Amino acid sequence: MKAASVVQLRKELEYLDNEKLKQLCLRLARFKLENKELLTYLLFEAEDELGYVQSIKSQLDILFLDINTQHYFYIKKSVRKILRRIRKYARYSNQPETEIELLLYFCSKMHEITPSIFKNKTLSNIYNRQLESALKKTAKLHDDLQFEYKLQIEELKS
């Protein structure tokens with residue numbers, strides 16, 4: 001079965017009544033966890049973006065505490081897992097401020113890991129890539145926000 005394009009889906013959804021749309025959404029939510037998470041974000045957390053970011057940060061704190069710091073291999077695996085989760089949550093929000101905020105928080109938490117991530121090339125590359133990604137994304141923001149985020153990025157670089 002070939003999936004329909006977004007344009008085709010949009011046109012078809014215009015003809016459905018509210019009850020049918022509700023049933024389709026609930027059916028989508030049953031099939032994939034990501035669909036359910038996105039629907040949860042849109043229904044409950046989209047109005048309070050700051051609360052959403054804070055809840056993600058608290059989840060990240062727990063994930064960073066659970067990292068096995070005995071070997072760099074385990075640190076790399078955990079860091080990549082955390083980064084995948086950040087990207088997923090940022091995709092739900094679809095706001096550059098949220099993504100930048102989460103990336104900078106991720107970098108600050110990576111900085112605190114002992115043993116130092118800068119003794120491992122892969123981890124330091126991940127760290128630097130996320131800082132560069134945050135810097136690129138700040139170009140899309142208002143000048144005041146750009147200034148604030150660039151200060152934070154410079155602080156993390158040093």
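## Aromatic pairs

How many aromatic pairs does a search of the whole structure find? The answer for this predicted model is five.

One of them joins F64 and F106, whose rings sit 5.9 Å apart centre to centre with 50° between the planes, a tilted arrangement. F64 belongs to helix α4 (residues 49–65) and F106 to helix α6 (residues 96–111), so this pair ties together parts that are 42 residues apart in sequence. Both F64 and F106 are buried.

Y89 and Y92 give us another tilted pair, with ring centres 6.2 Å apart and planes at 55°. Here the two partners share helix α5 (residues 72–93), and because they are three residues apart, about one helical turn separates them. Y89 counts as buried at 12% relative accessibility, and Y92 counts as buried too, at 8%.

## Where α2 meets α3

Let's turn to a pair of helices. Helix α2 (residues 18–31) and helix α3 (residues 33–45) have axes that come within 5 Å and cross at roughly 130°, which makes α2 oblique to α3.

On the α2 side, the residues in contact are C25, L28, A29 and F31, and they meet L33, N35, K36 and L39 of α3.

## A buried glutamine

Leaving aside residues up to four places away in sequence, Q146 touches T138, A139 and L141.

Terms used. Residues are numbered from 1 along each chain as its sequence is written. This is a predicted model: local features need pLDDT of at least 70, side-chain atom pairs count only at pLDDT 80 or more; totals for chains, interfaces and linings use all residues. Side-chain values use heavy atoms; hydrogens and water are left out. Axes are lines fitted to C-alpha atoms, for helices over the stretch in contact, and angles run from 0 to 180 degrees between N-to-C directions. Helices (H or I, at least four residues) and strands (E, at least two) are DSSP runs, numbered from the N terminus. Angles under 35 degrees count as roughly parallel, over 145 as roughly antiparallel, 65 to 115 as roughly perpendicular and the rest as oblique. Contact means heavy atoms within 4.5 Å. Rings of Phe, Tyr and Trp (its six-membered ring) pair if their centres lie within 6.5 Å; planes under 30 degrees apart count as stacked, over 60 as edge-to-face and the rest as tilted. Buried means under 20% relative accessible area, exposed over 50%, partly exposed in between (1.4 Å probe, protein chains only).
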